[in-house]
Amino acid sequence: MTAAIEVNAVEKSFGNVAIIRDLNLSVAKGERHAIIGPNGAGKSTTFNLISGYIKPTSGEIRLNGEVTSGLRPFEINRRGLSRSFQVTNVFARMTVWENVRCAVLWATGHRYAFWKNVDNLPEVKQRTAEILDDIHLSHRRDVPAGLLTYAEQRELEIGITIAGGASVIMLDEPTAGMSHAETERAVALIRRLTEGRTLVIVEHDMSVVFGLADRISVLVYGHIIASGTPEEIRGNPKVKEAYLGEEVD
Ligand SMILES: Nc1ncnc2c1ncn2[C@@H]1O[C@H](COP(=O)(O)OP(=O)(O)OP(=O)(O)O)[C@@H](O)[C@H]1O
Ligand SMILES: [Mg+2]
């Protein structure tokens with residue numbers, strides 16, 4: 001079967017510095033794939049490459065078999081990939097409802113026009129309400145996103161990322177800064193919302209990684225040193241030495 005994401009021999013340099021070196025990654029359709037690695041390893045850069053925010057210096061990236069390296073972010077999004085950012089990226093002054101509606105409008109191909117009352121579009125209204133319900137934020141719908149708690153903002157962001165119904169969802173440290181209880185809630189949310197889709201997640205919390213991922217790739221200095229099931233990664237001596245240490249024992 002064609003992979004959801006395929007990264008072939010990708011290199012990325014900023015100036016003279018090679019940040020991503022011979023990156024090879026394959027994520028099967030329907031798989032939950034975690035990318036782990038130390039700070040500065042290039043995890044967010046890998047997300048930026050796959051989602052088109054930056055272009056590879058060389059190599060090729062495919063989404064569902066189709067070459068996407070060289071395409072722009074919105075073109076890749078249109079082909080079924082949606083990603084969140086490491087830093088919360090909601091519109092602070094817009095309400096929760098407006099934030100989600102904005103994502104739904106974009107996903108359904110509507111273009112914003114000030115003379116159109118977008119709230120009159122029944123399918124948009126319904127989908128927006130569904131997503132708010134999914135992410136348990138219906139009761140906060142009229143609150144400006146900037147006034148939500150940090151955890152609520154991250155949940156809103158997850159909602160926005162999945163709102164378009166993309167088949168491939170990429171989340172960059174979705175639980176960073178959350179308490180233990182908030183993290184558990186967010187993981188349950190992610191698990192439910194990505195059911196039947198492909199998920200790529202960057203995460204530092206090993207309980208999240210080992211609880212959620214079907215497969216894990218370990219990125220060190222811009223290169224994947226191992227890919228495999230949680231058990232394979234746990235038992236890989238190279239991984240232990242380079243990254244996990246005693247953390248997974
Ligand atoms: N646009 C850029 N220009 C120059 N250097 C960059 C750029 N983006 C990232 N880098 C560098 O690339 C390296 C990898 O950064 P990246 O943000 O991908 O790491 P990361 O694995 O996501 O780290 P973290 O776990 O801290 O989020 C870092 O050394 C960073 O400084
Ligand atoms: Mg990062």
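In this predicted model, a polar side-chain atom of H204 lies 3.1 Å from an oxygen atom of ligand 1. The protein covers 59% of the 640 Å² of accessible area that ligand 1 has on its own. Backbone atoms also take part in polar contacts with oxygen atoms of the ligand, through K43 and through S44.

| Residue | Part of the residue | Distance to an oxygen atom of ligand 1 |
|---|---|---|
| H204 | polar side-chain atom | 3.1 Å |
| K43 | polar backbone atom | 2.8 Å |
| S44 | backbone N or O atom | 2.8 Å |

The shell around ligand 1 holds 13 residues, of which G40, K43, S44, T45 and Q86 come nearest. By class, four of the shell residues are nonpolar, seven are polar and two are charged. Helix α1, spanning residues 43-50, gives the most to this shell, with three residues.

Y53 is partly exposed because its relative accessible area, 45%, falls between the 20% and 50% limits. F85, with a relative accessible area of 24%, is likewise partly exposed.

Charged groups also sit over rings. R83 lies over the face of F85, 3.9 Å from the ring centre. Elsewhere, the charged end of R78 is placed over the ring of W106, at 4.2 Å from its centre.

Notes:
Residues numbered from 1 in each chain as written. Chains lettered and ligands numbered in written order. Predicted model: local features only at pLDDT ≥ 70, side-chain atom pairs only at ≥ 80, totals over all residues. Heavy atoms only, no water. Near = heavy atom within 4 Å. Polar contact = N/O pair within 3.5 Å; in protein donor to acceptor, adjacent residues only side chain to side chain. Areas by Shrake-Rupley, 256 points an atom, 1.4 Å probe, with all protein chains shown as cover. Helix = DSSP H or I, 4+ residues; strand = E, 2+ residues; numbered from the N terminus. Nonpolar A, V, L, I, M, F, W, Y, C, P; charged D, E, K, R; others polar. Buried < 20%, exposed > 50% of the residue type's maximum accessible area, 1.4 Å probe, protein only. Lys NZ or Arg CZ within 6 Å of the ring centre and 35° of its normal.
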